[in-house]
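Thank you all for making the time this morning.

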Amino acid sequence: MKALTILSVVQTGLLILLFSRSIALEDELATRSQSAPATTANNPIFSPTADNSSRQAYSSIDEGQLRRIIREELDGHASNTPNTNGQVSQSASYDPATAAEQQYQLDQVSQRIEYFSSVGNISDMEMVDLQMEIARLDDAGRTAMLRKLTQAMNSGAIDGRF
Amino acid sequence: MKIGKILTIAGLVILSATAVAGRVSIVPVEINLNEDGSGFARGNMTTARYSDNDVEFIGCGTRNTALGDGNLFQFAFCQGRDAADNPIFCSTQNPELVAAVRAIADHSFIIFTFDAQGECTLIGFSTQSSYLPRGDQEDKN
């Protein structure tokens, strides 16, 4: 009975201690959020010489900085959405393959044109397929391959028609 | 009665002859190349279609490919072949020239110029009555 009493007193003391500590932390957070926004020079996040733990760095982001970050993210999202007339700019929404993949596709199309040059002709359906492949390239690739195909046909290397 | 029928037929023949009157412009396909590969081509589609050879032709068109992401790849082309079987082609992604090609009508006179890379630099057409097929020109195919 005596042991239980002692344990309950200790438990109550710990609870009181935790409660007072949480109140103190809330006061501290409220104090930090009301303070002036920290400059990058004083911000522990950007200061390479600051000897701060990551927890301290994250706690240094004040409300003003958070608002600015959120605003920047929203502005970036708005530029990628269609405008009022429904058109989407190709540069904002078109996501071409990586540079290596684009180069691979470009090489494939170029080889196809060279193949038809070696054969000497291209059928109407083959022309349709080739134009679909050209369409999948990026802007520069389309221009280059369209010109290559046109020149091959003009030179007589490929007998066919658009 | 027999004389009447003859007179009727004669009258119809005379009337049908007047239906094909009017100016007719015959413009065969012509291809002119510069030393660097640039040049121009021109011709009347009707003249090419009813020429006495089976190689001559001239025309323009567009190709529009949906890219699946809301974008469209489109280009225009002009092509032709003269009576000597010499081919000519040009292509362009210029949106204004693409729009111009879409406006080409049947039986038009077409002229297009191109640079050394085969890029169309000028596409022009003209739709005149003189370019229309004559009444005696029928599609025998």
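This is a predicted model: local features need pLDDT of at least 70, side-chain atom pairs count only at pLDDT 80 or more; totals for chains, interfaces and linings use all residues.

I will begin with the overall make-up of chain B, which contains three helices and seven strands, and whose elements, read from the N terminus on, follow the order α-β-β-α-β-β-β-α-β-β. Of the 141 residues in chain B, 29% are buried. If we take the contacts in chain B between residues at least 6 apart in sequence, 52% of them join residues at least 24 apart.

The strands of chain B give us two sheets to look at. One is an open sheet of four strands, ordered β1-β2-β6-β7 in chain B, and its pairing is antiparallel. At its edges are β1 (30-33) and β7 (120-126) of chain B, each of which pairs on one side only, and the twist from one strand to the next averages 10°. Within this sheet, β1(B) pairs with strand β2 (residues 39-44) of chain B through four bridges, in the antiparallel sense, and if you want a landmark for that pairing, B:Asn32 has B:Phe40 in β2(B) as its bridge partner.

The other is an open sheet built from three strands of chain B in the order β3-β4-β5, again with antiparallel pairing. Here β3 (57-66) and β5 (87-92) of chain B are the edge strands, and each has a single partner strand, so one side of each is left without a neighbour in the sheet. Neighbouring strands in this sheet are turned against each other by 15° on average, if direction is ignored. The antiparallel pair formed by β3(B) and strand β4 (residues 72-81) of chain B is joined by ten bridges, and one position to look for is B:Cys60, whose bridge partner in β4(B) is B:Cys78.

Now to the place where the two chains meet. How many residues does the contact take from each chain? Chain A gives 18 residues and chain B gives 20. On the side of chain A that touches chain B, α4 (90-93), α6 (124-135) and α7 of chain A each supply at least two residues, and the largest share, eight residues, comes from α7(A). Sorted by class, that side of chain A has seven nonpolar, eight polar and three charged residues. As for where this helix sits, α7(A) lies across β4 and β5 of chain B, and runs at about 170° to β5(B).

By class, the contact of α5(A) with α7(A) has six nonpolar, four polar and one charged residues.

Is B:Gly118 buried or exposed? It has 24 C-beta neighbours inside 10 Å, and because 20 or more is the cut-off, B:Gly118 counts as buried. Apart from neighbours within four places in sequence, B:Gly118 is in contact with residues of both chains, including A:Arg147, A:Thr150, B:Phe89 and B:Cys90. B:Gly118 and B:Phe89 are 29 residues apart in sequence, yet 6.8 Å apart in space, C-alpha to C-alpha.

Finally, a word on backbone angles, because most residues other than glycine have a negative phi. B:Asp85 has a positive phi, near 70°; B:Asp85 lies in the loop between β4 and β5 of chain B and is exposed, with 10 other C-beta atoms within 10 Å. B:His107 likewise has a positive phi, near 60°; B:His107 is found in the loop between α3 (95-102) and β6 (109-114) of chain B and is partly exposed, with 16 other C-beta atoms within 10 Å.

Notes
Residues are numbered from 1 along each chain as its sequence is written. Chains are lettered from A and ligands numbered from 1 in the order in which they are written. Ala, Val, Leu, Ile, Met, Phe, Trp, Tyr, Cys and Pro count as nonpolar, Asp, Glu, Lys and Arg as charged, and the others, Gly among them, as polar. Two strands pair if DSSP finds at least two bridges between them. Axes are lines fitted to C-alpha atoms, for helices over the stretch in contact, and angles run from 0 to 180 degrees between N-to-C directions. Two residues are in contact if their C-beta atoms, placed from the backbone, lie within 7 Å. A residue is buried if 20 or more other C-beta atoms lie within 10 Å of its own, exposed if 12 or fewer, and partly exposed in between; C-beta atoms are placed from the backbone.
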